[in-house]
Amino acid sequence: MTSMSRRARLLAALRANLACRGRLGLGRVVGTPAELERLAAALLPRPPRESLESIRRRMGQCERCPLAADRRHIVFGQGPEPAAIMLIGEAPGAEEDRQGLPFVGPAGKLLNRMLAAVGLRREEVYITNIVKCRPPGNRDPRPEEAAACRPFLEAQIRAVAPRVICTLGRPAAQALLGTKAPISTLRGRWHRVLGVPLLPTFHPAFLLRSPERKREAYQDLKAVARALEGKERLD
Ligand code: SF4
């Protein structure tokens, strides 16, 4: 059984247990998704931590999903190890595929400006995507593609050991949180994955098309910066 399916089964058992306690009038010990995720993280054995270099070596010329067929480069990720902040988008675009680096096109430039505006530098942030190979025509990654790449992403999260994760865009938030809820309801609220506080916000490529939503994204990044200073409530 994979660590992912163990987590999903444990979370389901915890939820069922809570519902049962509620029906029997026994009250609730924990209840919010963040509390359940924290409890699951504490109960599950932690896989050994592997360095980013080792994960990349293990990935090799990965062909675990169909995205391998059309890629030019695997876009693994970029940034320090460890890093206080980890940004996770959905997939490499055309320029990222060409250069083999994440967020290097116009969306990446906007992201750099937004980070600077809240006092964060790109060099202190680790950036990656839920899938490491470019989907044809820049379509969203399919659930089975994200699932195939997820063990690499989880290993990266353990290696980077971020204090805060910020997802960029709907597909990344939905895939990491295992939900189909719209980004409008997910963003601006704290969640948890692998025990790490996670705040979804908009993807900078979306903000280039919809600049009127930048104010909300700035609020989210400010919340991330506040969290690093211990000034943000993370539940
Ligand atoms: S997207 Fe991930 S799982 Fe799919 S081929 Fe690329 S590295 Fe492998």
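Q: In which loop is Ala-161 found?
A: In this predicted model, Ala-161 sits in the loop between α6 and β3 (164-168). Its phi is near 50°, a positive value in a residue other than glycine.

Q: Why does Ala-161 count as partly exposed?
A: Ala-161 has 14 C-beta neighbours inside 10 Å. A buried residue needs 20 or more, and an exposed one has 12 or fewer. The value 14 lies in between, so Ala-161 counts as partly exposed.

Q: What is the phi of Asn-138?
A: Asn-138 has a positive phi of about 60°, although it is not a glycine. This residue lies in the loop between β2 (125-129) and α6.

Q: What makes Asn-138 count as partly exposed?
A: The count for Asn-138 is 13 C-beta neighbours inside 10 Å. Exposed residues have 12 or fewer and buried ones 20 or more. Asn-138 falls between these limits and therefore counts as partly exposed.

Q: What makes the peptide bond from Glu-81 to Pro-82 cis?
A: The omega of the bond from Glu-81 to Pro-82 is near 0°, and the bond is cis. Pro-82 belongs to the loop between α3 (52-59) and β1 (85-89).

Q: Why is β1 called largely enclosed by the rest of the structure?
A: A residue is buried if 20 or more other C-beta atoms lie within 10 Å of its own. Five of the five residues of β1 are buried, so the strand is largely enclosed.

Q: How do you know that both faces of β1 are covered?
A: In a regular strand, side chains alternate between the two faces of the sheet. On one side of β1 are Ile-85, Leu-87 and Gly-89, and on the other Met-86 and Ile-88; all are buried. Both faces are covered.

Q: How do you know that β1 and β2 pair?
A: Pairing requires at least two bridges between the strands. β1 and β2 have five bridges, in the parallel sense, so they pair. One partner of Leu-87 is Ile-127 in β2.

Q: How many residues surround the ligand?
A: There are 14, and the closest are Cys-62, Cys-65, Ala-68, Cys-133 and Cys-149. Ten residues of the shell are nonpolar, four are charged and none is polar. Helix α6 (residues 143-160) gives the largest share, three residues.

Note on methods. Residues are numbered from 1 along each chain as its sequence is written. This is a predicted model: local features need pLDDT of at least 70, side-chain atom pairs count only at pLDDT 80 or more; totals for chains, interfaces and linings use all residues. A residue is near a molecule or strand if its C-beta atom, placed from the backbone, lies within 6 Å of it. Helices (H or I, at least four residues) and strands (E, at least two) are DSSP runs, numbered from the N terminus. Ala, Val, Leu, Ile, Met, Phe, Trp, Tyr, Cys and Pro count as nonpolar, Asp, Glu, Lys and Arg as charged, and the others, Gly among them, as polar.
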